[in-house]
Amino acid sequence: MKNSKTRIVEWISYFFILLFCYAAISKILDFEKVQDQISASPLLNGFSQFLPYTIIFVEVIIAGLLCYRKTRTIGLIGSLFLMLIFTGYIAKLLSTSKNLPCSCGGILEKMSWSQHLYFNIGCVILSVIALGLNLKYSRPAE
């Protein structure tokens, strides 16, 4: 049973590694557009000079942490917090703004804001599942 639970953690970790690497690379490839969209955001416009760099850096670091069993718990905690921040941001924008710029890249940019919110909620749930299973089953045998 333990092996199947750790496999779930691995697969969810792989999903987040791909998601964060894809998002970071998409942002890097269209960096000026990301900066412009963050500048256009009513909630983030004051942070447009450093926030794109910060988001890319955090996404890459979390993806790296998820690659190794020893750092996976920290990576899963980072994934959870990052997805909670992104989800809260989208929920706040949906409830307060008419003009909704998207600084996401690639296929995520093609989603509607409602779809994006549901996708992020799903990611939060996956983070919680993986973190819970990882905490329970990744401890060394006593």
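Analyst: Start with patches: they are made of residues with over 30% relative accessible area and no salt bridge, where like charges are joined within 9 Å and nonpolar side chains (Val, Leu, Ile, Met, Phe, Trp, Tyr) within 5 Å. Accessible areas come from the Shrake-Rupley method with a 1.4 Å probe, and for residues only the protein chains shown count as cover. This is a predicted model, in which local features need pLDDT of at least 70, side-chain atom pairs count only at pLDDT 80 or more, and totals for chains, interfaces and linings use all residues. Residues are numbered from 1 along each chain as its sequence is written, and side-chain values use heavy atoms, with hydrogens and water left out.

User: Which residues make the nonpolar surface patch?

Analyst: Ile8, Tyr118, Ile121, Ile125 and Ile129 make a patch of about 470 Å². Helix H5 (residues 113-137) gives the largest share, four residues. Helices are DSSP runs of H or I, at least four residues, and strands are runs of E, at least two, numbered from the N terminus. The chain has five helices and zero strands.

User: Why does Ile125 count as partly exposed?

Analyst: Buried means under 20% relative accessible area, exposed over 50%, and partly exposed in between. Ile125 has 47% relative accessibility, so Ile125 counts as partly exposed. Ile125 sits in helix H5.

User: What makes H4 roughly antiparallel to H5?

Analyst: Helix H4 (residues 72-96) and H5 pack at an angle of about 155°, their axes 9 Å apart. Angles under 35 degrees count as roughly parallel, over 145 as roughly antiparallel, 65 to 115 as roughly perpendicular and the rest as oblique. Therefore H4 is roughly antiparallel to H5.

User: How do you know that Arg7 forms a salt bridge with Glu10?

Analyst: A salt bridge needs a side-chain nitrogen of Lys or Arg within 4 Å of a carboxyl oxygen of Asp or Glu. The closest N and O atoms of Arg7 and Glu10 are 3.1 Å apart, so the pair qualifies. Both residues lie in helix H1, three residues apart. Glu10 is buried, because its relative accessible area is 16%.

User: Why does the pair of Glu59 and Lys27 tie together parts that are 32 residues apart in sequence?

Analyst: Their side chains meet in a salt bridge at 3.0 Å, N to O. Glu59 lies in helix H3 (residues 51-66) and Lys27 in helix H1, so the bridge joins parts 32 residues apart in sequence.

User: Is Glu59 buried or exposed?

Analyst: Glu59 has 1% relative accessibility, so Glu59 counts as buried. Lys27, at 7%, counts as buried too.

Notes:
Buried means under 20% relative accessible area, exposed over 50%, partly exposed in between (1.4 Å probe, protein chains only). Axes are lines fitted to C-alpha atoms, for helices over the stretch in contact, and angles run from 0 to 180 degrees between N-to-C directions.
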